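I opened the model today to look up a few local features. My entries follow, one topic at a time.

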Amino acid sequence: MRPEIVSQTPIWYVFLCVGLGLLFALFTYFRIKGFSRNQKIALSALRGILTFLVAYLLLNPLIKTISNNIIKPKVVLVLDNSRSMLQGGKKAINEVFEGIVALKESLTEKGFELELRTLSDDKSEQINETKFNLGKSNLSSVLGDLKNNYEGQNLSDVILVSDGIINDGVSPTFQKYPFNVHTVGFGDTTLKKDILISGIAANKLAYLGNKFTVNVDISAYLLPGKLTNVTIKDGTGKVLSQKQISITKKEDFQTASFELMADKVGKQRYIAEIKSVEGEFSIKNNIKDFVLDVVNGKEKILFLAFAPHPDIKAFKSMIEKNDLFELQVQILQSTEPSQIGKDPFDILILHQVPDVYGSSTGIVSTLLSKKKPTFFVVGSKTNIPSFNGMQNVVGINSQINKLDKTTSQLNNLFQRFNVSSSTTALLEKLPPISVPFGEYKTFPGAEILLFQKIGNINTGRPMLAMNLSGSVNNAVFVGEGIWQWRLEEYALSEQQSEVDELIIKTLQLLSIKEDKSKLRVYPTLETFSIDQRIGFEAEAYNNIFERIYDQNITMKVKDEKGAEKTYSFKITNESSRFELSNLPAGLYKYDASANILGKNETTTGQFLVTQTDLESENLVADHNLLKTLSNENNGDFVNYKNIIELRKSLENKGLINKVVSNEELKDFINLRWILALLVAFAAIEWSLRKYFGGY
């Protein structure tokens, strides 16, 4: 499409510019003697056109251009590089490599763009160099990533080469995809003699001295009439409980239930094991471990509210979902003042108190004097001046009953805890809540997690903020109506997790006791699989808690049996990470020490190495899942030996190019040739005047 001039002013302004050019030309030349009639007409025309162009450019017209970009169809081939694929044998894998190379060459000749990648998100042109070392198979994740990452890129088809075994995430058949999904079946679908632990159900948390239940799910195939034992051991290998089970069917499923005692504080590792049966295909899946965190008590939360409010129920539902918290709710208007705060508490939540009527000021002051982490929830009944003097997070200058409706926006610079991308996306869809209207300021040391947003504008005013730098940790949530957020989240996703997680993480952050140690060493994960490298981050600080480097660290690692190993490493500006490898499964404790500024600093912690190998639990290929996935997404299923047949399906669909139109508006005056045109008209006019004998 040709460029089009777009005027930002009424059309009669153009005629005004034409008239201005005509008048200036007539005034300049038709009153001057010495030129012939034709000479005056030529010079006047040049002067008039030049004047018109200058005047018109002052109106700042725009030029619109539309460009069409043709995007060829793209095909992505995903190769499952999990360890279970190795069960097919090297010869079969080489056949897959050859088939993929032949398919790529054929499709490239037909004009398709074929991209190769693996489940681990690695793009690979040399597909025959793929390493099958991935410890889990999540097919829905890779297809979801393709759906998001290739949006607008004309991704027409995806080819998935896999054995169909999934052991992480949900089934890929649970959703539809905006591209055709073709599947290539690999592996052996024959059922083999095997008995395995298919799952363990146990609480992640238990309290010291209490009993807890563990349910071990056992699956057995082609072993009817066999007897075996299921054993639960502690981390040292001591047998805690044992049960005998009898396999009665060709495809049998049973659950063995155990009741154990939580008798040690801290993370405890337990091992569930099935005694191997003669003739079973694999014994790697006969053992699985799990971890239980044994605590000595819950964090007690006192929730004090001015009056009944839907938000109270919302906060109550959030907090009671977390086993680490014990909640007590008290309503100022219906509770005897002498009973408020009578029982000990660890965290204080104040909902719209201190109140505008002044009835709670004394009670709140008494509660705050206990120096406990406090979470203020500000609403229409909050006494703003009193609130400003009770915390070190947010100052508000607002009039009584002056409210505003705002939504929230995440502060991407907040780093105290991780906020998932799904939470960020949800925040944009949540309804506005009521907040005090006025001027806001944050106190020194305060950190904002959520901003207030009006329409598409981030106001910069805090909605959820905290200050962890003072003697007492404080947080402030400005607004009432969080109950609407939970309802909206349920309406969108049929779950209530993202908003709840945001509040729970804030409370957990408030309750953390500040670590004043100048040495901090911590594992990058709480749990590592047996084939992972165990990574540690190390940080050293000076007296004003600035990071310092070139510090020598000594770390002692002790396993569950008391065996100890000593490691040494150095913190540098380039690297503060230290890695261990080849540790057997177990729960480990570590003590790290360093001499920092002449003083010996120490830190301790725990980490777990698990025996679990997801890829060895199930080795029977599931081609039915692959067929279902293809049928539901307009694709074809073929065996890996016939992968080249997919080219016919792709060719029959044909090349469907995608045309993307881009519209662009530019200021007309910014075009370089406009300046050249103006200079040319002025130069020609001046030259003709001189040539005709004018001055």
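Which residues gather in a patch of positive charge on the surface? I found Lys-238, Lys-264, Lys-556, Lys-558 and Lys-589 there.

Ground rules first. The model is predicted, so I took local features at pLDDT of at least 70 and side-chain atom pairs at pLDDT 80 or more, while totals for chains, interfaces and linings use all residues. Residues are numbered from 1 along each chain as its sequence is written, and side-chain values use heavy atoms, with hydrogens and water left out.

For the patch, I used residues with over 30% relative accessible area and no salt bridge, and joined like charges within 9 Å. A salt bridge here is a side-chain nitrogen of Lys or Arg within 4 Å of a carboxyl oxygen of Asp or Glu. Lys and Arg count as positive, Asp and Glu as negative; His and the chain ends are not counted. The charge is placed at NZ for Lys. Areas are Shrake-Rupley values with a 1.4 Å probe.

I then looked up Lys-558. This residue lies in strand β28 (residues 551-558). Strands are DSSP runs of E with at least two residues, and helices are runs of H or I with at least four. Lys-558 counts as partly exposed because its relative accessibility is 37%. My cut-offs are under 20% for buried, over 50% for exposed, and partly exposed in between.

At 52% relative accessibility, Asp-550 counts as exposed.

Asn-634 also has a positive phi, about 55°, and is not a glycine. I placed Asn-634 in the loop between α12 (623-632) and β33 (637-639).

I checked a cis peptide bond too. The bond runs from Val-353 to Pro-354, with omega near 5°. Pro-354 is in the loop between β17 (347-351) and α6 (361-368).

Which strands pair with β13? Strand β10 (residues 227-234) does, antiparallel, over five bridges. Strand β14 (residues 287-295) does as well, antiparallel, through eight bridges. Pairing needs at least two DSSP bridges between two strands. Asp-234 stands opposite Tyr-270 of β13, and Ala-272 has Lys-288 of β14 as bridge partner. Seven of the nine residues of β13 (residues 266-274) are buried, so the strand is largely enclosed by the rest of the structure.

Last, β24 (residues 519-523). Leu-519, Val-521 and Pro-523 make its covered face, Arg-520 and Tyr-522 the uncovered one. In a regular strand the side chains alternate between the two faces of the sheet.

Conventions
Patch = residues over 30% accessible without salt bridge, like charges linked within 9 Å, V, L, I, M, F, W, Y side chains within 5 Å. Buried < 20%, exposed > 50% of the residue type's maximum accessible area, 1.4 Å probe, protein only.
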